[in-house]
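Have a look at the sequence and the model below, and we'll go through it piece by piece.

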Amino acid sequence: MLGLSDLTQPITYFGTTTLHTLGALLYDSESAKVYRYVKCAAAVTNNALAAGECLCADTGGAYYVNNDMAGGTGLGTLPMGVAISAIPENNYGWIQVGGQASVTITDGEVAANDFIVNNTGEDGGCDTMADGEEEQVFGFVIAADVGDAVTVQLRGLF
Amino acid sequence: MITVINSTIDYSASSAAYDLGTLYFAGTKAYRYVRAAAACTNDLLASTESVCGDSGGVYYVNNDFAGGTGLGVTTPMGVAIGTIAENYYGWIQVGGVATVITDGEVAAAEAIVLDASNDGDVDTMADGEEEQVFGWATAADVGTVGTIMLRGLI
């Protein structure tokens, strides 16, 4: 597992060539957050991942991620983490997979302590777990959402 | 959590070289140091077998899902990466993409659980088994060989 001192670029840096092994993990001991190095899928909503978007796996391959939960090549029910910055299609960069994450897209009805899943009805979004979705849970809510923003304690993503 | 070990990852021994439960990260994968239970199916854990918890203690693991001291499908612990004989210590995989033994009917992107009917194997999650999920298939299995993205085991 890498640390921040292993990076040659800011953690928000993206590029078309890999700087690390795809799937590599990084632990920031000061923030207690964990990140994974991924590739943005070839076709994502708005042509890029945006900070705060929830992400799913993609048929492109292991450690490919997508914000498109219900169409294209995204595998909406398979959570992969939360984007921390923009990553354009086919570019490589870091996403968050552990610790407390700032999520920017909820359905506006998330309560404190709710279990969270990807929202297959809204690209990049999350929603409260419904009965039968238990295996999709990737975190729980620290406090009720404010508008569409919420803080999520991530779990089970690495 | 450690990032360096002083033996090969598939080395096992009758005495512990690390604290039981220690995590080791290497590349994209994570491993946990465990003890094989006193009574396992075929008297050992074999590479690519999935394992559950065991009543012997914390971080004891077993490939026996339906009998003996294995705690069964509700307690997934990881995937064996080498042979670990009964009562021996060694590493199992708990993070990253792992090779497993399936029932031969796993499709890509399916959520995966331990197979209650076949020791050491995995199966597709059925309704009501959601809390047992410990990974998802990255591709359809080939015969009974599957690859899964592990989750929730660390």
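Which residue of β5(A) does Ala57(A) stand opposite? It's Val65(A). Keep in mind as you look that this is a predicted model.

Strand β4 (residues 54-58) of chain A and strand β5 (residues 64-66) of chain A pair in the antiparallel sense, with 2 bridges between them. The hairpin of β4(A) and β5(A) has 5 residues between the strands, and Gly61(A) takes a positive phi there, near 155°.

β4(A) has another partner too: strand β6 (residues 74-83) of chain A, joined to β4(A) by 5 bridges and running antiparallel to it. Ala57(A) turns up again here, standing opposite Leu75(A) in β6(A).

Now over to chain B. There are 0 helices and 12 strands in this chain, so if you read the elements from the N terminus on, you get β-β-β-β-β-β-β-β-β-β-β-β. The C-alpha atoms of chain B fill a box of roughly 40 × 35 × 25 Å along the principal axes. If you take the contacts in chain B with a separation of 6 or more, 58% of them are between residues 24 or more positions apart.

Ala46(B) gives you a local example of such a link. This residue sits in the loop between β3 (44-45) and β4 (50-53) of chain B. Thr83(B) is 37 residues away from Ala46(B) in sequence, yet their C-alpha atoms are 4.6 Å apart in space. Leaving out residues up to four places away in sequence, Ala46(B) touches Ala80(B), Thr83(B) and Gly120(B). Ala46(B) has 15 other C-beta atoms within 10 Å, so it is partly exposed; a buried residue would need 20 or more.

Finally, the two chains meet. The contact takes 14 residues from chain A and 20 residues from chain B. On the chain B side, strand β8 (residues 89-101) gives the most, with 3 residues. The residues on that side divide into 9 nonpolar, 7 polar and 4 charged.

Key:
Residues are numbered from 1 along each chain as its sequence is written. Chains are lettered from A and ligands numbered from 1 in the order in which they are written. This is a predicted model: local features need pLDDT of at least 70, side-chain atom pairs count only at pLDDT 80 or more; totals for chains, interfaces and linings use all residues. Helices (H or I, at least four residues) and strands (E, at least two) are DSSP runs, numbered from the N terminus. A residue is buried if 20 or more other C-beta atoms lie within 10 Å of its own, exposed if 12 or fewer, and partly exposed in between; C-beta atoms are placed from the backbone. Two residues are in contact if their C-beta atoms, placed from the backbone, lie within 7 Å. Ala, Val, Leu, Ile, Met, Phe, Trp, Tyr, Cys and Pro count as nonpolar, Asp, Glu, Lys and Arg as charged, and the others, Gly among them, as polar. Two strands pair if DSSP finds at least two bridges between them.
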